[in-house]
Amino acid sequence: MQALRFVRAVAFATYKEWAAYRSHMAVSIFIGPVYFLVQYFIWHAVYASQDILNGFTLSEMLTYYGVMSVITYLTFDFADWNLQMLIRTGKYVTFILRPVSHVGFALAQKVGHRTLGFWMEFIPVFLIYLFIFKIKLLPPQPFWAVLSIILGFLMTFFVNYSIGLTAFWLTNAEGVRRVFLLMRDITAGVFVPLSFFPEGLQHVLFYLPFQFMQYVPVRVYIGSYELAGITMSIPQVVGLQAFAVLCMWGVCQLLVHLGARKFTGVGV
């Protein structure tokens, strides 16, 4: 109960803090639709000479990108940048002295930030896709779709937080962070569905945590899952996603423990 009150207090404080910059968040409303419009023209050109590509029809492909876009508004995270800044400036030391872990604090911040993003970003873009672009955004299995998005939310946080922890070993890890973000988006299915990669690479991607950030929530939202020739029911893949999140949480905690031993409080 105390932990719940802590999360609620930090989330509410973060919500109020970011609500003061509503115009900054409102700008992002245009990013998703513009990106989708580019994909719309690209895939219309690709499908001009064929009806099905790698198991996707044109309608299914556009649905994939539409769902990917709206889910991104719910799972967006910058814990890696924030953590690296705290470590580089030495301000991380204030969290060592507090009775709560920075992992829990950062997660609560994300809850508050995305709660604001839900009604300022997600809902407007959802309505744009639904009524202007005519994308089917109503999941056939709402319960599993919501659960998978929550798990994707957690997986994105733990993965990003883990890359932020590299600042314990690298004073300025911005270069590593940028490379990682690019590789993360590629292997999470943000640019193209993972089923478009060569079969051998798909088997590698199946065992990496990145598919559980975006690709799995999108496929669960659509109502089917397939990768590397492996087809799973929606409950099965969500269960696998939950197990992957638990493993990533363990990795994150281990890195926190190892990294704290390297922290020197530079800049304090």
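In the predicted model, R184 has a relative accessible area of 13% and is therefore classed as buried, the limit for that class being under 20%. The side chain of R184 forms a salt bridge with that of D185, with an N to O distance of 3.0 Å. This pair belongs to a set of three salt bridges in the structure.

A further salt bridge joins the side chains of K110 and D77, at 3.9 Å from N to O.

Helix α7 spans residues 102–131 and includes W119. W119 has a relative accessibility of 42%; this value lies between the 20% and 50% limits, so the residue is classed as partly exposed. Together with F118, I123, L127, F131 and I132, W119 makes a nonpolar surface patch of about 610 Å². T115 is likewise located in helix α7. A polar atom of the T115 side chain lies 2.6 Å from the backbone oxygen of V111. T115 and R5 are 110 residues apart along the chain, and their C-alpha atoms are separated by 16 Å.

Aromatic contacts were counted by pairing rings whose centres lie within 6.5 Å. By this rule the structure contains 24 aromatic pairs. In one of them, the ring centres of Y64 and Y65 are 5.6 Å apart and the planes stand at 85°; because this angle is over 60 degrees, the pair is edge-to-face. Y64 and Y65 are both buried. The pair formed by F157 and Y161 has a centre-to-centre distance of 5.6 Å and an angle of 40° between the planes, and is classed as tilted. F157 and Y161 belong to helix α8 (residues 142–164), and because they are four residues apart in that helix, about one helical turn separates them. F157 is buried, as is Y161. Ring pairs also link a cluster made up of W43, Y47, F56, Y64, Y65, F196, Y215 and Y225. The edge-to-face pair of Y64 and Y65 thus involves two members of this cluster.

The loop between β1 (52–53) and β2 (56–57) contains G55. At 59% relative accessibility, G55 is over the 50% limit and so counts as exposed. Although G55 and S195 are 140 residues apart along the chain, their C-alpha atoms are separated by 8.8 Å. N54 is placed in the loop between β1 and β2. With a relative accessible area of 41%, N54 falls between the 20% and 50% limits and is therefore partly exposed.

Most residues other than glycine have a negative phi. In N54, however, phi is positive, near 50°. A positive phi is also found in K134, where the value is near 60°. K134 is situated in the loop between α7 and α8. Its relative accessible area is 62%, over the 50% limit, so K134 is exposed.

Note on methods. Residues numbered from 1 in each chain as written. Predicted model: local features only at pLDDT ≥ 70, side-chain atom pairs only at ≥ 80, totals over all residues. Heavy atoms only, no water. Phe/Tyr/Trp six-rings, centres within 6.5 Å; stacked < 30°, edge-to-face > 60°. Buried < 20%, exposed > 50% of the residue type's maximum accessible area, 1.4 Å probe, protein only. Helix = DSSP H or I, 4+ residues; strand = E, 2+ residues; numbered from the N terminus. Patch = residues over 30% accessible without salt bridge, like charges linked within 9 Å, V, L, I, M, F, W, Y side chains within 5 Å. Areas by Shrake-Rupley, 256 points an atom, 1.4 Å probe, with all protein chains shown as cover. Salt bridge = Lys/Arg side-chain N within 4 Å of Asp/Glu carboxyl O. Polar contact = N/O pair within 3.5 Å; in protein donor to acceptor, adjacent residues only side chain to side chain.
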